Structures are given as C-alpha cells and as structure tokens.
Amino acid sequence: GVHRREMVVMNELRDGRRSREIEAARGCSTPNINNHVHKVLQKLDVRNRAQAIARLDAESAARGYRDFDAGG
C-alpha cells in the first residue's frame, strides 16, 4: 500500500500545493517529494498526479474520510 509519508505529500498536492511549497513547509527536498509521488503513481497504476488524487479521493470517500491517510 501507500506509505504514510507518501499520503502526506499527496494530501498537500490535493490541497493545491506545489512541490516547492511542500519542500518549504515539510523540510523534504523536491526530489524526495517527486520520488514519493512517483511511487504512488506506480502503486495506483495511474499516469499522473491528477489521476492519483482522484483515485485516492474516491477511496477515501468510500471509507468516509476526507484525508487520504485518515483512519490508519
């Protein structure tokens, strides 16, 4: 599955933040952020960030959560 750190990055992206903004807020380098995103794309078998966010939103909504990582 998708790891917690990857979910944190995806939540930030869903909220409209860019990689550089996440880097400044979280202290995680842009290459690391992009690596997390790449891993999520592979795990979800999607082509881009928008598709990953849509998939994670749908899965979270089905479980009744707003954030991707809610509920463990």
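Guide: Start with a loop: Asp45 lies between H3 and H4. Helices here are DSSP runs (H or I, at least four residues), numbered from the N terminus. This is a predicted model: local features need pLDDT of at least 70, side-chain atom pairs count only at pLDDT 80 or more, and totals for chains, interfaces and linings use all residues. Residues are numbered from 1 along each chain as its sequence is written, and side-chain values use heavy atoms, with hydrogens and water left out.

Visitor: Is Asp45 buried or exposed?

Guide: Use the cut-offs. Buried means under 20% relative accessible area, exposed over 50%, and partly exposed in between (1.4 Å probe, protein chains only). Asp45 counts as exposed because its relative accessibility is 68%. Compare Glu21, which lies in helix H2. Glu21 is partly exposed, at 42%.

Visitor: How do I check the span of H3?

Guide: The expected span of a helix is 1.5 Å times one less than its number of residues. H3 has 15 residues, so it should span 21 Å. Its end C-alpha atoms are 21 Å apart, which agrees.

Visitor: Which residues of H3 are buried?

Guide: An α-helix has 3.6 residues a turn, so residues three or four places apart point the same way. In H3 the buried residues are Thr30, Ile33, His36, Val37, Val40, Leu41 and Leu44. Seen down the axis, they fall within an arc of 140 degrees, so they line one face of H3. That arc is taken from the directions from the helix axis to the C-beta atoms. The face turned away carries the exposed residues Pro31 and Gln42.

Visitor: What do the buried residues of H3 pack against?

Guide: They pack against H1, helix H2 (19-26) and H4. Contact means heavy atoms within 4.5 Å.

Visitor: Which residues have the most contacts inside the largest nonpolar core?

Guide: A nonpolar core is a set of buried Ala, Val, Leu, Ile, Met, Phe, Trp, Tyr and Cys residues joined through side-chain atoms within 4.5 Å. Here the largest has 16 residues, and Met10, Leu13, Ala52 and Leu56 have the most contacts inside it. H1 (4-14), H3 (30-44) and H4 (49-63) each supply at least two of its residues. H3 gives the largest share, five residues.

Visitor: What does Leu56 touch?

Guide: Leave out residues up to four places away in sequence. Leu56 then touches Met7, Met10, Val40, Leu44 and Phe68.
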